[in-house]
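Subject: Structure for you to look at

Hello,

Here is the structure I said I would pass on. Please have it open while you read the notes.

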Amino acid sequence: SAQHEISDSSGGGLARGLRAGSGVKLRKPVQVIVENQPLDSAEAHRALAEGLRQLGFQTTNTETGQVITAVRDDCTCASCNRNTAAWVDPVSYDVIRVCDRAGVAAQDLGVARAADLILKHELGHALGLRGHTPDGLLSARLDDHADLRSFTQSDIKAICDAGGLASPVCL
């Protein structure tokens, strides 16, 4: 099996209303947008929507002002390397940039599993987690948590402790 890792400039949170400091406390559902990228679009949408719901957010297909988008990227970010599967945009934090390497992960792990592992991990960063956890979906190496499909309690605690999530799961 090929080696996979998730690199990003992990340091922010969704800029348009999901952060605790924004004053928006889950009044609006989050619109999930999946553009042309290496993972199966339906599985990518499902993985992001499931991850958001697990963290206490509702999702929608209509415009709400709270958006998370997954797009294809050539992965030339400062921390990207040949094993990088995805990273979070360091300016807006509401765009997950999916590298071609994610397609290799999908071949190795299966389409649904790769979408869960890669996109839910990056969702944690989009919601404010800086760095990585020692285990769970938010550890740095995809191979270290290839059997997981949803956030662990330690993942949720790390996201909540980062302070960027205005959600009942953090109370």
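The notes below cover the sheet and then the helices.

This is a predicted model, in which local features need pLDDT of at least 70 and side-chain atom pairs count only at pLDDT 80 or more, while totals for chains, interfaces and linings use all residues. Residues are numbered from 1 along each chain as its sequence is written, and side-chain values use heavy atoms, with hydrogens and water left out.

The sheet

Five strands form an open sheet in the order β2-β1-β3-β5-β4, with mixed pairing. Strands are DSSP runs of E with at least two residues, helices are runs of H or I with at least four, and both are numbered from the N terminus. Two strands pair if DSSP finds at least two bridges between them. β2 and β4 (86-88) are at the edges with a single partner strand each, so one side of each has no neighbour in the sheet.

β1 (residues 30-34) pairs with β2 (residues 59-60) in the parallel sense over two bridges, and Gln31 stands opposite Thr60 in β2. β1 also runs parallel to β3 (residues 67-73), joined to it by four bridges; here Ile33 has Thr69 as its bridge partner. β4 and β5 (residues 95-99) pair in the antiparallel sense over three bridges, with Ala86 opposite Val98 in β5.

The helices

Two packed helices are described by the angle between their axes and the distance between the axes. Axes are lines fitted to C-alpha atoms, for helices over the stretch in contact, and angles run from 0 to 180 degrees between N-to-C directions.

α1 (residues 41-54) and α3 (residues 111-126) pack at about 45 degrees, with axes 8 Å apart. That makes α1 oblique to α3 (angles under 35 degrees count as roughly parallel, over 145 as roughly antiparallel, 65 to 115 as roughly perpendicular and the rest as oblique). The residues of this contact (heavy atoms within 4.5 Å) divide into nine nonpolar, one polar and five charged. Ala, Val, Leu, Ile, Met, Phe, Trp, Tyr, Cys and Pro count as nonpolar, Asp, Glu, Lys and Arg as charged, and the others, Gly among them, as polar.

α2 (residues 101-109) packs on α3 at about 130 degrees, with axes 7 Å apart, and α2 and α3 are therefore oblique to each other. Ala102, Ala105, Ala106 and Leu109 are the α2 residues that meet α3. That contact divides into eight nonpolar, no polar and one charged residue.

Finally, α3 lies across β3, β4 and β5, at about 15 degrees to β4.

Regards
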